[in-house]
Amino acid sequence: MTQRDVFEYAVLRVVPRVERGECFNAGVLVYCRAKSFVAARTHLDERKLAALDPQADVVGVRAALRAVEGVCDGGDAAGQASGDDPGRRFRWLIAPRSTVVQPGAVHSGLTADPAAEVERLLDLLVR
């Protein structure tokens with residue numbers, strides 16, 4: 001039997017006009033403590049963005065989504081979080097915020113391959 005570990009995940013939502021509260025899914029964050037793993041994958045549907053806000057800053061939204069991926073990747077792309085362990089980076093990214101890119105609720109599951117889980121969840125919940 002394959003060893004499966006607990007993982008946590010959150011969906012990244014794009015909320016183009018925070019005051020309206022309308023949103024759509026644009027990425028996932030996955031953290032697995034046992035594997036010291038954290039990753040984010042994103043996919044921006046520009047048609048959905050334009051439907052909710054025709055004047056939305058597409059470049060800015062893409063930059064915000066890339067920044068989340070960068071924090072997960074660590075190193076220079078993580079900025080001030082570069083020295084933090086994966087769990088701390090995940091906790092910082094899932095903290096509630098009132099911005100255009102927001103984390104959803106945290107859920108958990110079991111997985112033998114956290115990297116594959118990121119792709120599976122992106123396909124299931126975003127694309």
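Is Arg91 buried, exposed or partly exposed? I looked up its accessibility and found 40% relative accessibility, so Arg91 counts as partly exposed. I keep in mind that this is a predicted model.

**Entry 1: overall layout**

I started with the whole protein. I found four helices and four strands. Reading from the N terminus, I wrote the order down as β-β-β-α-α-α-β-α. The radius of gyration is 15 Å, close to the 14 Å that the globule rule gives for 127 residues, so the protein is as compact as a globular protein of that length. I also noted the span of the C-alpha trace along the principal axes, about 50 × 30 × 20 Å.

**Entry 2: inside and outside**

Next I asked how much of the protein is buried. Buried residues account for 43% of the 127 residues. The accessible surface is about 7,200 Å². Carbon and sulfur atoms hold 49% of that surface.

**Entry 3: charges**

I turned to the charged side chains. The protein has 17 positive and 17 negative charges. Their mean positions lie 3 Å apart.

**Entry 4: Glu8 and Arg91**

I went back to Arg91. Its salt-bridge partner is Glu8, and the closest N and O atoms are 2.8 Å apart. Glu8 sits in strand 1 (residues 5-14) and Arg91 in helix 3 (residues 86-94), so this pair ties together parts that are 83 residues apart in sequence.

**Entry 5: Glu19 and Arg17**

I then took Glu19 and Arg17. Their side chains form a salt bridge at 3.2 Å, N to O. Glu19 is exposed, at a relative accessible area of 62%. Arg17 is partly exposed, at 32%.

**Entry 6: Arg41 and Glu119**

The side chains of Arg41 and Glu119 also meet in a salt bridge, 3.2 Å from N to O. Arg41 is in strand 3 (residues 37-42) and Glu119 in helix 4 (residues 114-125), so the pair ties together parts 78 residues apart in sequence. I checked the accessibility of each partner. Arg41 is partly exposed at 30%. Glu119 is partly exposed at 33%.

**Entry 7: Glu69**

Which side chain of opposite charge is nearest to Glu69? I found Arg41, 5.6 Å away. A salt bridge needs the nitrogen and oxygen within 4 Å. Glu69 has no salt bridge, yet Glu69 is buried. I placed Glu69 in helix 2 (residues 58-73). I set aside neighbours within four places in sequence and listed the contacts of Glu69: Ala40, Arg41 and Thr42.

**Entry 8: Val101**

My last stop was Val101. I found Val101 in strand 4 (residues 101-111). Is Val101 buried or exposed? Its relative accessibility is 9%, so Val101 counts as buried. What does Val101 touch, apart from neighbours within four places in sequence? I listed Leu12, Arg13, Val14, Val61, Ala64 and Leu65. I also checked Val101 against Arg62. They are 39 residues apart along the chain, and their C-alpha atoms are separated by 9.6 Å.

Methods
Residues numbered from 1 in each chain as written. Predicted model: local features only at pLDDT ≥ 70, side-chain atom pairs only at ≥ 80, totals over all residues. Heavy atoms only, no water. Helix = DSSP H or I, 4+ residues; strand = E, 2+ residues; numbered from the N terminus. Buried < 20%, exposed > 50% of the residue type's maximum accessible area, 1.4 Å probe, protein only. Rg over C-alpha atoms; globule rule 2.2 N^0.38 Å. Areas by Shrake-Rupley, 256 points an atom, 1.4 Å probe, with all protein chains shown as cover. Lys, Arg positive; Asp, Glu negative; His and termini not counted. Charge placed at Lys NZ, Arg CZ, Asp CG, Glu CD. Contact = heavy atoms within 4.5 Å.
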